[in-house]
Amino acid sequence: MTGSPTASRPGTGGWSLAGINPVWPLLAALVAAIVFMNPGFAEPTGYMNFLKRAAPLAILAAGQVYVITSGGFDLSQGSLITLVVVGSSMLTDNDPAATAWVIPVMLAIGLGVGAVNGAIVCFLRVPSLIATLGTMITLNGLAFLWSGGAPRGYLPDTFRFFGRELIHDVPLVRFVPVSVIVLVVVVGALAWAMHRTNLGRMVHAIGDNPVAARLAGVPVNRVRVTAFMLSGLSAAIAGILLGGFAGVSTDVGTGYELEAITAAVLGGAQLLGGRGSVPAALGGALALTAIFTLLNFLGLPQPVRQVVQGLILIAAVALAMHRRKRTGT
Amino acid sequence: MSLAAASREPTGDGFRFDRWAPLILLGGAAAIYVAVAVATGQTQYLTLDNLIAILGRSIALGITAIGQTFVILAASIDLSVASLISATAVLASVVMDGSAAMIVPAIAAAIALGALVGLANGMIVSVLKVNPLIATLGMSLVIQGCLSAFVSNFAGSVPPAFQVFAYGQIGAVPLALVFLLSLAILAWAVLRFTKFGSDLYAVGGNEEAARFAGIKTGRVVLTAHVICSVCAAIAGLYLASRLRSGAPWIGADGVYDLESIAVVVIGGTVLAGGRGGIWGTMAGMLIFSLIDSVFNIAGVDTFAKQVLRGIIIVAAVAFYAIRSKRIVA
Amino acid sequence: QNFNDPEEFAKQQEQLQAQPNGPEGEPWLQYIGDGMVETGDLGIEAPATVCFSNAGVNNPWRVVGFTNMTEELANHQSIGEFIHVDAEGSDDKQIADIDDLLAGGNCDVMIVSPNTTAALTPAVEQACESMPVIVFDRGVNTDCPVTYVHPVGGYGFGIEGAEFIAGELDEGDNVLMLRILPGVDVLETRYSAGRRILDEAGLNVVGAEFTDGDNARTKSIVEDYLMRGDIDAVWMDAGATAVAAIEAFEDSGYEIPVFVGEDQQDFLRKWEEEGMTAIAPTYPTYQWRTAVIAAARVIEGEALPGPEWVLPQPAITEETLAEYVNPAMPPLHYAMCGCETMETYPEAWGGN
Amino acid sequence: MTDRVIEMRGITKTFPGVRALSDVSFDVRAGEVQALVGENGAGKSTLIKILSGVYRADEGEVRLRGETVHFSHPVESLRAGIAVIYQEFSLLPERSVAQNLFLGREPRGRFGLIDTGRMRAETRKVLDLFAIGGRIDPDRIVGTLDVATQQMVEIAKAVSHEARVIVMDEPTAALNDAECEELFATVDRLRERGAAIIYITHRMREITRLADRVTVLKDGEVAARFDGAPDPDAIVHAMVGRDIDDFYAPPARADEIGEPVLIVTGGGNASLRDIDLTVRAGEIVGLSGIQGAGRVALAMALFGQEPFERGEITLNGARSTFRSPRAAIAAGIGLLPGDRKSEGLVLMQSVRDNGMLTPRAFSSLWSSHRRTAAADIGRIDDLLDRMEIRAASYDQEIRALSGGNQQKAIVARWLSMRPKVLIFIEPTRGIDVNAKAGIYHLMRDLAREGAGIVMISSDLPEVIGAADRILVMQEGRIVAEFGRGASEQDIMHAATADMENAA
Ligand SMILES: Nc1ncnc2c1ncn2[C@@H]1O[C@H](COP(=O)(O)OP(=O)(O)OP(=O)(O)O)[C@@H](O)[C@H]1O
Ligand SMILES: Nc1ncnc2c1ncn2[C@@H]1O[C@H](COP(=O)(O)OP(=O)(O)OP(=O)(O)O)[C@@H](O)[C@H]1O
Ligand SMILES: O[C@@H]1[C@@H](O)[C@H](O)OC[C@H]1O
Ligand SMILES: [Mg+2]
Ligand SMILES: [Mg+2]
């Protein structure tokens, strides 16, 4: 290169108030409102229960955000949850000792379904919206086929430990639900992989411009399949928590995929790829759960809750778009 | 010369596979239908009556999918059609309330509601710049919430004079089928011969280019949404007529949102917009009807049916997607 | 449709007490009232083809019922082919299914389990024009079918549970009502009957929530109510999620209150284990057997109860609980299946 | 001919963090070609976007034929007779030529329906104004046309609007020499018809060939104005603020050229035949040829994107045919695509992430994103520094950078991989003179460090000035080879001669 090296290297962008993700103030406002309505919420029983309830959705959203950031959708998460719950009850067959191998099998199923989703998208070139719509329908059918329509077994308490039990005598907070520990571990790991590894940067890159990524040597298919696998894995974990929380039923997972997408989007993830954050998706999931909780405390009937959820969804994204336009990013 | 251009679809004006793919798929589905009927010795399923029964299976889906084609061509999407179908069916049935004199006001009310929802969807998408998936998902929640705040069951009733819509015959052909065909022809003509049709393809193909050419892109997207929602309203009217009353769950039960999208995509319209058309959508609808009928003739187990349906959706889209070189997500 | 019909309420209240006709110990053959229809002149040749348009097998109750039905077929030589089409819970699809069956021209007798009452009426009417039709479970608004097979009904179900609660609680006590979904006639009437009795007993209904039949949702809803105040009884319009509701009390550290469930094994077992104060009204799945029996009678030209075949609808109580608890059966098995004496029991129902 | 069609006075425009234009005045007259030049990021495109109503100026006024105008949308300027042909095409690949030409203003017939017959006829008429236009079928789907013809359609579109002012923002970026000549002829014709033409380019030759007047922008301000086409050095001086004496780097000395690093024998596939090619360490090989001759196809084959189906590649002694770009990169080949936006950049990511993309792609998925086998963040920052990239911060999204700076970030990406063979496709497309010189020197530096360089360029002087050896392609084959000192005529002749003569 001609000329002398530049004297000053461009600096690193600093932290600014305008840059803060709006999901956090939203969450803070919601929590404040809940505490105002029901001071009991500030007690460990209140907020730990809240976190426990939010855990499956938060984990799901943390997985979904990988697929969204890579430019796709995973609509099969909900059915996968159902499959995991139903399948676990079929496999454990009331045997407490079976949990030890059934859980790994379920995690493997989650990864496997993700791999299939990824393969359909990468190799059959079916857009993920359709591909995972297909797997959503198929997995639901499989869950029914496996159980004959009605689950034939209970989930033993060993299995339900993760979604139901509390760990007592914890200093400061008195008790911690096991599912909250699972939440922290899983979301922590997914956040690390998204924001501190090559994988995460490449997930962003392929969502941003897959052609450029491929020409830069990014193993696009491997990264994409990995994103779907993490999404599937998160659904399997969410399924284990949900099955543990309330036992077997054939429609546990119904609708969860859209809630997970909603949570990720509330957290600022960009549909069609290129932008996404795991912590913010967690924030989105907590905010969504907080909305439900708040509406519950207000004693509002289900229809009103639906309307409010719809309006908040639209408003949150509209606001994000407005900010983006204003800041020109 | 760019790499993208170099690896673009086959050059020249010759045979363009993707234009014919829906027809090939339809031929395949028909062949399977005939084969199953013959193989199981049930040749009575090959009569004209049966053909008409098959054609009439998915009228509501067909009407909805015609509307969905417009929004998808504009690179948008509409997840609110299912809720809107429920809402308009209930509205029409309640306004009619068994009285033939109220048919016209009821139709007007339903269409007006459709137009209003379409307008709202279109505004949210084109003015607030909210991703259409989120916008219409939110709208769907709002509609369903409002609806179930007022009714939780069949409401109102449809006078016999209006039941003609669903049950009337013109000779041996159901009136509804004739209606669907006319609607399809109208939609085709709009896409093919009007400025709006041309603008729609432009906006879906390259929004920026369309805007620079002076096309009011927002207005085009908005109009597409109005058309889509009005079609859903018509589907709601048809279902009210068919079920003799409006129920707040018929839209969701029929999964008209996801199924109409699947039909459009199987019909060769690409989710990214700008390419596809009505006849593909009609082929897609017929494929769905044929699959249902094949399952019924072959006596496929309900749950296995679901498994197969998911696989078929993926396979059908893969059928031509796999040939494209573009990277999908 | 009126789901809060005092006449119907009174009629079913009476039917709950009525002494059924027919063989003792085989409730699926019994009937309340004495109306009969003759079928002698239909001239169907055995073995005949029976077509069944099913609303769906989208819940465990229907799964058990459908198994009852398929196993019952083996008992009837007069039924040759059995064609089953499943509408997967969609009215529109079920109408199309019936169209398909009629266009196919194969069926001699048709059984319909309608998805919803009003919507399926025209299709059933159309079917009636070309063959004898038997309707069961949910009804239709026409009397063209040969008979309509059903247990006493939703009011009866609602009454049994609510009267039990009223008997156990004092005036002003809190009751939570849980419902699965709106709009199904047999569920709406359960609720209206239950509500009427609870209100009349001066009980405080703290809420009536839809759970979508989902365990997790049920448990969350109950937990939320517990954060707001005490609950002295839980009334449910269907018992599939009863155990999840009970767990909400356990996990939040509350005593299990008075409970209304249904005849699902998991609930019955929990009831027995915890020594709960509970009752399980039933909507017996043995009616699925009855529908097939009715079809066979039509083919054979025999008389059968009609135009309504009202089956007995016993509730499971403290006293009879032990008879119905069976750890060998799956958790979501419905105890009131009337299937214990069938040849393939318990394997076909997933038991061992 | 002194009537000023366009007058812009005191235009100032700031973007968050950047002052793109300050107090710029600019005018154009009917029947003239006014060249607008300047370094990357100087503000040329921004000025045009203000003229056409894409952006609104913070200060200043725009006058059209003496009247102040406020366009708030490009359509308004188009209706007022200002047509802009942008750097990126704005054609719809799925629609026909006629549909594209009349996009948004289709002629209507009965019932307000589109009169397709008339649309086709009018298209014919417009296309007939151009030499090659006559060969274009109005019903042809645009996506099936080659790039030069698409460019033609773009221009035809502007002409069909009867625009009095036509702005061309780097119109030749995608064209080769012959096509450029065609374009120049078209520009001449438009000028004769009295159109006012604003012509943005980074190629001095085009200025000399076309310009009646020249305005030079530097850092958002007018640095110089010239009547007539001045000496290129004067323009360069005004643009860069100094002279560039060593525009092209010196050629390789004999002792700098080493062993063959890349050998292809008998390579062929759907678009290529009988490719025999040797690239040596330390040399720069230029690939020349007309549109469709197979240069990009050859690059794609070497890079594993459209692999050879016949023949073999030997890279540093090891034989292989690469089945994917990833395999090629792993073996030591790098490639700079010709279309930065769609093939090179991940626009929403930071400058640094763009630089780190390939190093990360060749590290474990699960290891830290800050340190990879090939490079860590510090090294990438050094390379970005060395490229003299102008950015507020390397954490800034790369999309806010000008084209030239974006290109430099991609170069940095490849440098970090220390490739044995580096293929540049149109490396200086859209890049200013200063940066161009930088790229040439950079290529030479890389060659000196032992890499073999393949450069595909449609800019003949560039090929002649920068390459040590020039291969000419025609119809998928290599038909001629020249050393340093070949003339443009030699190369053009080889590229266009009949097959027999050339063989
Ligand atoms: N939308 C925008 N947001 C922020 N900054 C912008 C935007 N558009 C341009 N800029 C900045 O304004 C300056 C001028 O950019 P412009 O595109 O006008 O340059 P140019 O002269 O056309 O360069 P090139 O020769 O590379 O095309 C650059 O610093 C650029 O980064
Ligand atoms: N991936 C591909 N698939 C099919 N045909 C291709 C492909 N790549 C190139 N071709 C065809 O091969 C021929 C050579 O094209 P190529 O783009 O390599 O020429 P070029 O000389 O490099 O063009 P330019 O001067 O624009 O860079 C053309 O006829 C082109 O249509
Ligand atoms: O199908 C219904 C079932 O869902 C409910 O549990 O009992 C009544 C039936 O009609
Ligand atoms: Mg520019
Ligand atoms: Mg080329």
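Helices (H or I, at least four residues) and strands (E, at least two) are DSSP runs, numbered from the N terminus. This is a predicted model, in which local features need pLDDT of at least 70 and side-chain atom pairs count only at pLDDT 80 or more, while totals for chains, interfaces and linings use all residues. Residues are numbered from 1 along each chain as its sequence is written, chains are lettered from A and ligands numbered from 1 in the order in which they are written, and side-chain values use heavy atoms, leaving out hydrogens and water.

**View 1. Chain B overall.** Chain B has 16 helices and two strands. Its C-alpha trace spans about 65 × 55 × 35 Å along the principal axes. Of its 329 residues, 62% are buried (under 20% relative accessible area, 1.4 Å probe, protein chains only).

**View 2. The largest nonpolar core.** A nonpolar core is a set of buried Ala, Val, Leu, Ile, Met, Phe, Trp, Tyr and Cys residues joined through side-chain atoms within 4.5 Å. The largest has 244 residues. Tyr66(A), Ile66(B) and Met110(C) have the most contacts inside it. Helix 12 (residues 217-243) of chain B gives the most to this core, with 15 residues. Apart from it lies another core, of 84 residues, including Leu215(A) and Ala281(D).

**View 3. Around Met110(C).** Contact means heavy atoms within 4.5 Å. Leaving aside neighbours within four places in sequence, Met110(C) touches, among others, Cys51(C), Ile98(C), Met131(C) and Pro132(C).

**View 4. Helix 4 against helix 6 in chain A.** Thr99(A), Val102(A) and Ile103(A) of helix 4 meet Thr158(A), Phe159(A) and Phe162(A) of helix 6.

Note on methods:
Buried means under 20% relative accessible area, exposed over 50%, partly exposed in between (1.4 Å probe, protein chains only).
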